[in-house]
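Dear colleague,

Please find below the structure that I am handing over to you.

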Amino acid sequence: MPAVTRSVEELPATSALDVPPRGDSARREDPFGGLPPARYLLVDGGDAFVLGDEVTHVGRGLGAGVRLDDHTVSIRHAIIVARPTGLRILDDRSTNGTIVNGRRVDEAELCDGDVVVLGRVVLTYRDLRAA
């Protein structure tokens, strides 16, 4: 899926160690000013990728829906799957693992504001469909 062209450089940098607990009110603010309602993976200091309603492949490879050009990201790093209960991220046998909110996971449910680390790339999952 194509990246939204609007830059999100105004977002504060976040590391896996600085992850606020779920439900933190600071994460409910809308610093994106005008992004249309959708589910996004936001790259710190970079692009906003719209997540679809089916399967999204994340990695360094050319076939990835969310393509991250960083050598610490595997060619096929993770898969995001839409389920009736929400989105799940699954590690796709990556070399450096998939980290969600500071914990290495094989799979995890994604909630609004979750921080996902793939290699050195820090992403934030945002669900702006119902704010």
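**Findings**

At 7% relative accessibility, Arg-126 counts as buried. This value, like the others in this message, comes from a predicted model.

Arg-126 belongs to strand E12 (residues 121–127), while Asp-112 sits in the loop between E10 and strand E11 (115–118), so the pair ties together parts that are 14 residues apart in sequence. Asp-112 also counts as buried, at 15% relative accessibility.

**Other salt bridges**

In total, the structure holds seven salt bridges. One of them joins the side chains of Arg-39 and Asp-53, at 2.8 Å from N to O. Since Arg-39 lies in strand E2 (residues 39–43) and Asp-53 in the loop between strand E3 (48–51) and strand E4 (55–59), this pair ties together parts that are 14 residues apart in sequence. Arg-39 is buried, with a relative accessible area of 7%, whereas Asp-53 is exposed, with a relative accessible area of 62%.

A further salt bridge is formed by the side chains of Arg-88 and Glu-109, at 3.1 Å from N to O. Arg-88 is in strand E7 (residues 86–91) and Glu-109 in strand E10 (residues 107–110), so parts that are 21 residues apart in sequence are tied together by this pair. Arg-88 is buried, with a relative accessible area of 16%; Glu-109 counts as partly exposed, at 23% relative accessibility. Both residues belong to a network of salt bridges that links Arg-88, Glu-107 and Glu-109.

**The sheet**

E7 and E10 also pair as strands: they run antiparallel and are joined by four bridges. Within this pairing, Leu-87 has Leu-110 of E10 as its bridge partner. In general, the strands of a sheet pair through backbone hydrogen bonds, either parallel or antiparallel. Here, E7 and E10 take part in an open sheet of five strands, with the order E5-E4-E6-E7-E10 and mixed pairing. Strand E5 (66–67) and E10 are the edge strands, each pairing on one side only.

**The nonpolar cores**

The largest nonpolar core has 21 residues, of which Leu-41 and Leu-68 touch the most other members. Two or more residues are given to this core by each of E2, E3, strand E6 (78–83), E7, E10, E11 and E12. The most comes from E12, with three residues. A second, separate core has six residues, including Leu-35, Tyr-40, Leu-42 and Ala-48.

Which residues is Leu-41 in contact with, leaving aside its neighbours within four places in sequence? They are Asp-47, Ala-48, Phe-49, Leu-51, Val-58, Val-66, Ile-80, Leu-123, Thr-124 and Tyr-125.

Thr-124, one of these contacts of Leu-41, lies in strand E12. Is Thr-124 buried or exposed? At 14% relative accessibility, Thr-124 counts as buried, since the limit for that class is under 20% relative accessible area. Not counting residues up to four places away in sequence, Thr-124 touches Tyr-40, Leu-41, Leu-42, Asp-44, Gly-113, Asp-114 and Val-115.

With kind regards

Definitions and conventions:
Residues are numbered from 1 along each chain as its sequence is written. This is a predicted model: local features need pLDDT of at least 70, side-chain atom pairs count only at pLDDT 80 or more; totals for chains, interfaces and linings use all residues. Side-chain values use heavy atoms; hydrogens and water are left out. A salt bridge is a side-chain nitrogen of Lys or Arg within 4 Å of a carboxyl oxygen of Asp or Glu. Buried means under 20% relative accessible area, exposed over 50%, partly exposed in between (1.4 Å probe, protein chains only). A nonpolar core is a set of buried Ala, Val, Leu, Ile, Met, Phe, Trp, Tyr and Cys residues joined through side-chain atoms within 4.5 Å. Contact means heavy atoms within 4.5 Å. Two strands pair if DSSP finds at least two bridges between them.
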